[in-house]
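Visitor: Hi! I'd like to get my bearings in this model before I do anything with it. Could you walk me through it?

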Amino acid sequence: MKPRLDTQLATKSARMPSWAFLDGEVVPYGQARFGLFTHALHYGTGLFAGMRAFWNDEERQLFVFRPEDHFRRFRESARLLRMDLPFSIEDLTRGVIEVLRREGYEQDVYIRPLAFYGDESLGVRLHDLTPRVGIAAMPSQFMDRNDGLHACFSSWRRVSDNMIPPRGKLAGSYVNSALAKTDAVLAGFDEALMLNDAGHVCEGSVANLFIVRRGEVVTPPITDDVLEGITRSTMMQLARERGHTVVERSIDRTEVYLADEAFFCGTGMHVTPIKRVDHRLIGDGDVGPVTRVLRDLYFDVVRGRSGAHREWCRPVFARSDMPVRLESNVERISAA
Ligand code: PMP
């Protein structure tokens, strides 16, 4: 069977990066090369972040979305691997901005920070190892799935906090996501929904889940083995500001079937409606009104087009001709 369009192609790029941040310096991308015995390559002893920067044409400015929050989680993921990162949130944010400036991107980009045990030393462990840190970015063309996805419940269970902690973005745990994703795509679906070991609904392979049912916006709690998603927290805040009741609670599989609306959200997938699950229509099978409004709001906010939440948008270029709307951004530009 021919696989359908893979939504993760949202980050497919036409060209490779020219520059990378590597252990505190910006170097030509090709200089970031690692040996065959690299620890993380064998045992998945790494962690990463997936961030985006959005081009705002009116202001001729590139805005990185919530980099400090991504790097807070990045550093926490490192702590889960007993990894002492020699870079603060501010160092890493400056690193991203420096890479984006060097690249001179004037378009939407996907940014991939990565930390891993880089010793060319075999032996399963988390001690006596040295972290390496890299960041690179590439242009991304968003392949819009505005029309919604068809998801299925995976037969793979999500890793749990006592297996590989899913609250961090640990490289090794993505084998779990990849198993679910590929089986879903090969079975003719667009995306997988995973249950945790207790049988509660968790998330997609790379995105958090929201459902709308009986007037409430509901998402699984972090303690149900989901990633502490930055987009999840953005959507919860935006939904509350729109007057919705947002509830974090365990969700049963059949509640998803009976939901009025459902959507995935994440840096890679943005806000993507789910129109069918396991061959059942969600609501009337169309993109629902709550999803539509929150999705439009999300795109305005991330691109810095909304008056609200400019504090989440970190400008890359220190342009004197750039119209700056908020005081806090003036400070941010000079700090960058
Ligand atoms: N869950 C998983 C498993 C993910 O990989 C991602 C992507 N980082 C998300 C949720 C969404 O997280 P965020 O909004 O921080 O990108």
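**Walking through the model**

Guide: Happy to; let's begin with a single residue. D69 is partly exposed, because 17 other C-beta atoms lie within 10 Å.

Visitor: Where does D69 sit in the secondary structure?

Guide: D69 belongs to helix α2, which covers residues 67-80. The C-alpha atoms of D69 and I89 are 8.6 Å apart, although 20 residues separate the two along the chain.

Visitor: Is this an experimental or a predicted model?

Guide: It is a predicted model. The average pLDDT over the chain is 91, and 90% of the residues score at least 70. Residues 1-11 have a pLDDT below 50, and that stretch has 25 contacts in the model beyond near neighbours in sequence. Residues 321-336 are also below 50, with 19 such contacts.

Visitor: What should I do with those stretches?

Guide: Where pLDDT is low, the predicted coordinates should not be read in detail.

Visitor: Good to know. How many helices and strands are there?

Guide: The chain has eight helices and 17 strands. It holds 336 residues, of which 44% count as buried. Among contacts with a separation of 6 or more, 71% are between residues 24 or more positions apart.

Visitor: On to the ligand. Which residues come nearest to it?

Guide: There are 15 residues around the ligand, and the nearest are L227, G229, T231, G266 and T267.

Visitor: How does that shell divide into nonpolar, polar and charged?

Guide: Four residues of the shell are nonpolar, eight are polar and three are charged.

Visitor: And which element gives the largest share of the shell?

Guide: That is helix α5, residues 230-241, which contributes three residues. The 12 residues of α5 reach 17 Å from the first C-alpha to the last, close to the 16 Å expected at 1.5 Å a residue.

Visitor: Which residues of α5 are buried?

Guide: In α5, the buried residues are I230, T231, R232, T234, M235, M236, L238 and A239. One of them, T231, is also on the list of residues nearest the ligand.

Visitor: Remind me how spacing along a helix relates to direction?

Guide: An α-helix has 3.6 residues a turn, so residues three or four places apart point the same way.

Visitor: What happens to phi just after α5?

Guide: G243 takes a positive phi there, about 95°. After helix α3, G104 has a positive phi too, of about 70°.

Visitor: Tell me about α3, then. What is its span?

Guide: Helix α3 covers residues 89-103, and its 15 residues reach 21 Å between the first and last C-alpha, close to the 21 Å expected at 1.5 Å a residue. Its buried residues are L92, T93, G95, V96, I97, V99, L100 and E103.

Visitor: Which residues other than glycine have a positive phi?

Guide: R82 is one, with phi near 60°, and H270 is another, at about 55°. R82 is in the loop between α2 and α3, while H270 is in strand β15, residues 270-277.

Visitor: Switching to strands: what does β7 pair with?

Guide: Strand β7, residues 131-139, is joined to strand β1, residues 19-22, by two bridges, and the two run antiparallel. F21 has I135 in β7 as its bridge partner. Strand β6, residues 109-117, also pairs with β7 in the antiparallel sense, over nine bridges. There, A115 stands opposite V133.

Visitor: Why is β9 described as largely enclosed?

Guide: Five of the five residues of strand β9, residues 191-195, are buried, so the rest of the structure largely encloses it. E191, L193 and L195 are buried on one side, and A192 and M194 are buried on the other.

Visitor: Which way do β8 and β9 run, parallel or antiparallel?

Guide: Strand β8, residues 149-157, runs parallel to β9, and four bridges join them. C152 stands opposite A192 in β9.

Visitor: Last one: where is Q31 found?

Guide: Q31 is found in the loop between β2 (25-28) and α1 (39-43). Q31 is exposed, because 10 other C-beta atoms lie within 10 Å. S18 is 13 residues from Q31 in sequence and 10.0 Å from it in space, C-alpha to C-alpha.

How values were computed. Residues are numbered from 1 along each chain as its sequence is written. This is a predicted model: local features need pLDDT of at least 70, side-chain atom pairs count only at pLDDT 80 or more; totals for chains, interfaces and linings use all residues. A residue is near a molecule or strand if its C-beta atom, placed from the backbone, lies within 6 Å of it. Ala, Val, Leu, Ile, Met, Phe, Trp, Tyr, Cys and Pro count as nonpolar, Asp, Glu, Lys and Arg as charged, and the others, Gly among them, as polar. The expected span of a helix is 1.5 Å times one less than its number of residues. A residue is buried if 20 or more other C-beta atoms lie within 10 Å of its own, exposed if 12 or fewer, and partly exposed in between; C-beta atoms are placed from the backbone. Two residues are in contact if their C-beta atoms, placed from the backbone, lie within 7 Å. Two strands pair if DSSP finds at least two bridges between them. pLDDT is the predictor's confidence in each residue, from 0 to 100.
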